[in-house]
Amino acid sequence: MSISRRDALKNLLATSVAATVAAKADAAPTEPTKPVRVDDPRQSYPTPQGTEDFYRAEFAAVRGEPGDRGFAYHCVNCQGNCAFEVWTGKDGKVTRENQSASYPQLNPRLPDANPRGCNKGSQHSQTMYEADRLLYPMKRVGERGSGKWQRISWDEAIADIATHLHDGLVEKGPSANYIHVGAGVLTEARAASVKRLGSLLGAVRPYIASYVGDMFPGVSVVYGEGNIGCTYDFVFGTNVAVFWGCNPNTSRIPDAHYLWEGKYNGAKIIVITPEFNSTAIHADLWVPVKAGYDGHLALSIIHRIIEKKAFKPEFLKEYTDLPFLVRRDTKELVRLSDVDRAQKQLDARSVGLFSKHEHECFLAFDTKQKKFVVMPGSEGSSVETLRLQDADWDFDPALNGKWKLTLRDGKQVEVTTAFELFKGEVAAFAAEKVQKLTGVHPKIVDELADDLTKSKVALITLGFAVGKHFHGMLSQRAIASLGAFIGKLGPNGGLNTENEWNISGLEGLSGFQGKYSHRFASGFVSEFMLGDGLKSADTLYSDEDFQRGTGDTKAAYRAKVEALLEKGKNDAQYKEGKPYWTTCENFLLFADSRFRRNKGEYQKAFLEKAKFIAYGDVRANDLAVYADVLLPCTTPYESWDLRTNPGYHRYANIAYPPPNLKRVGEVKSEWEISTLIVKKLEALAKARHQASGDEKQIRIADATHTQEGHRRLDELVKEFTKDGQLGTDQQAVEYALEHVDQFKPNNPKSVYERGGFLQLNEKAGKSSPLYADRPYNTFESQLFLHQRFETLTGRLTFYVDHPLWIAAHAHVPTAKLPIRPSRHPFVLMTPHARWSIHSTYKTSPILLRLQRGKPYVMINPEIAKARGIADGDDIKMFNELGSVRLMAKLSPAVPPDAIVMEHGWEPFMYAGKQGHNLLVGDMLNLLELSDGWGHLKFGTNWDGNQHAYETTLEIEKA
């Protein structure tokens, strides 16, 4: 009788099970006399009571009683937002954690969101009890970084913090204090505590997306906002799904199944990255673009689409600014305020219909009337619709042509369309012309152009990596322009970055609804200046680098940067540019691994500026080593919390601690800590006022960030706690459930009974309805209802006539060469890690066993061979900024001109305690620094990025 491999495996499995059962039954292993064949284990199973009973008993023991269960999620800047069940034993310790897997199915034809989770979240409880957990408040007693600490009481720790904060307020004003909760607590409830404290005291706080380099400013240029797109289940229904500069198999583990179910459903999956990553392995097409040349590739695709006439002119006329008129002499958009109203070729009726603020009203040439018309929908228009035909008007704006137009001063100028100038620019990026730069063959460009234009539903998901180059904003803009140019909005796909839900009602949790405004600093500027970034840039980059990437000498470019920096400096200037403060000396920080993340000599420069550092976290990271006071904080399992955005799915998860859970050591939540600080600070201010009689002890002048012009320190507790309504993490969650319309109707009990989550209602959609039975995607309101985009022109923006952009030849989408030094052969790329969430879980013994266990870099085998480097060797990685010692990991997935290193390693994990970011230089980009044009005004949609991919280096065997 012949036995197949399948039969052999079945017999082997049955033998193993039988042996296990026999061993359990007889307390001694016995050898079966012959194999037991089981064709269908669902119908017959040899002695099931053995192994099955053992595992059922184990499950019952760790699962505990039903009342022992709590809920949580593992956010910590993964943003996956996965609901977990948490169980405790009699000793109050976590005994089990498992994926909740109770999200409902939207419809039978769509994969559901279950189970959601990953390798990091599934071992979270292990890290709760590791040796690096902070257990008690501690005070530094040696030099900073010496590791010498003294355990103190909570009262002593809070008193020390309150004293420094009060001294700063009285002696230098509110901007002496810097209060910030970092990316380790990206939540709506817990993080609101520290934001509320900072807002109450007027402290400086950086914008978090830009301070970690995860902004999408180039997308904001085109769409008016950076966080747009879809829930991940939308991928299932696409025809073509492009993942550009991202690796969802590693960084979006809970959502990656939608890609592969989509592929099974017929979608073509395309990955565009320099490295052959874990998503590219399974894709239909991998496009290995060279690092930093993503913008060149995007423009070459647009050029192909124009050559093939594969675009939709009617879409461009109605939804974009490409038909808008531009002066050929100055490259400025033609505004109604510029033109002679009396000229016959100007349609007076459109002027009367649409003009409200002349400077924000724009003109096009109507081919039906052969006249210049004012277009509806702009910021200056009295009519907000994008419609070209309505009861009172019927326009057909020209995309091509040139005309003579009379200005208000009587001068005649030649004008053309933004589309004409755009076409001219992208012609320079024809696939054949940029192939050497991008590394992408023109045939692949043809394929991408066809895939995107011929598919009914085409989606481009843009990752964070693209924005981490010096010209990353321009690359983002080029890719966003491609997404806009193919005419895809709403159910047809388009661009996807990170969908953000419309969540209203939380303003009263993190702020004071207008009474105080946050001292909101530009993230990328404030971090750059805190770390003396200009010094590192001067060391790393040469004149040649600057001239290649900017057209200026190093000195000339630096002078332009410094001039723009002056416009946003401190209270006197903060409204004129990208705001930052040089007056900060007391730092109260939570969950912020800034010494791991920041570049060059940041640590040294920061420590020279910081008079006092108090740091709260769950574990001792590299920043904690240098703090003056350490505050032990609760983990997601020990806290109440709430997490909604970003909108990868439509559920808000609640962290609901198991009732029997015993907190580790003396840890407290951020709400408890902030409340203690407020109480101590008010008592201290009153005591000092009573002793001195000086009103400034309780009354702090603040002309720029308060309605009343001052802050009262003798009323802090009442204001912070809303007369006792706030003060704990549980109260914060209850407040959110009561005040957020998109959460209704829900309360803690209903959320607990459902499984630790709630489903957002229809009000959560920002620019599209949130349907109950289908995936979400943005801009249906614009596509079907013709509502304006939140841009200056009301349309998808291809043209920016800011003087600085015109001077930089960036008035239309373009791409530029990098400034990274060409004298070193390898560009350093540091994508997201599979075994940690940035630095969170980086020291987990379980996860370290799944990789090399210490910092390592991936090198192309041919490059390693040429340098005599073998897998596992220690190597030295170096440039002008320093050198770092790491392990070599050989991988053919790495391009020969790059070194790839999964990021997140703490500096103390390296030999000599010098992390790889020591080698990374950065320079502020003038275009990201620019401000004050249309919708490009500093805020959550317009800031810049830190650039992590603008360094080159050399390697050698150590």
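**Exercises on burial, cores and backbone geometry**

Cys-361 is buried, with a relative accessible area of 0%; buried denotes under 20% relative accessible area, exposed over 50%, and partly exposed in between, for a 1.4 Å probe and protein chains only. The model is predicted, so that local features require pLDDT of at least 70 and side-chain atom pairs count only at pLDDT 80 or more, while totals for chains, interfaces and linings use all residues. Residues are numbered from 1 along each chain as its sequence is written, and side-chain values use heavy atoms, with hydrogens and water left out.

**Exercise 1.** Determine how many disulfides the structure holds.

*Solution.* A disulfide is a pair of cysteine sulfur atoms within 2.5 Å. The structure holds zero disulfides. For Cys-82, the nearest cysteine sulfur belongs to Cys-78 and is 6.0 Å away. Cys-82 is buried at 6% relative accessibility.

**Exercise 2.** Which residues touch the most other members of the largest nonpolar core?

*Solution.* A nonpolar core is a set of buried Ala, Val, Leu, Ile, Met, Phe, Trp, Tyr and Cys residues joined through side-chain atoms within 4.5 Å. The largest has 101 residues, and those touching the most other members are Tyr-223, Trp-244, Ile-301, Leu-363, Phe-422 and Phe-485. Helix H16 (residues 472–485) supplies the largest share, eight residues; helices (H or I, at least four residues) and strands (E, at least two) are DSSP runs numbered from the N terminus. A second, separate core has 63 residues, including Ala-162 and Val-629.

**Exercise 3.** Which residues of H18 and H24 meet?

*Solution.* Glu-527, Met-529 and Leu-530 in H18 meet Tyr-602, Ala-605, Phe-606 and Lys-609 in H24, where contact means heavy atoms within 4.5 Å. These residues divide into five nonpolar, no polar and two charged; Ala, Val, Leu, Ile, Met, Phe, Trp, Tyr, Cys and Pro count as nonpolar, Asp, Glu, Lys and Arg as charged, and the others, Gly among them, as polar.

**Exercise 4.** Locate Pro-646 and Phe-779 and state the backbone feature at each.

*Solution.* Most residues other than glycine have a negative phi, and most peptide bonds are trans. The peptide bond from Asn-645 to Pro-646 is cis, with omega near 0°. Pro-646 lies in the loop between strand E24 (641–643) and strand E25 (651–655). Phi of Phe-779 is positive, near 75°. The loop holding Phe-779 runs between strand E28 (757–759) and helix H29 (780–785), and Phe-779 is buried at 4% relative accessible area.
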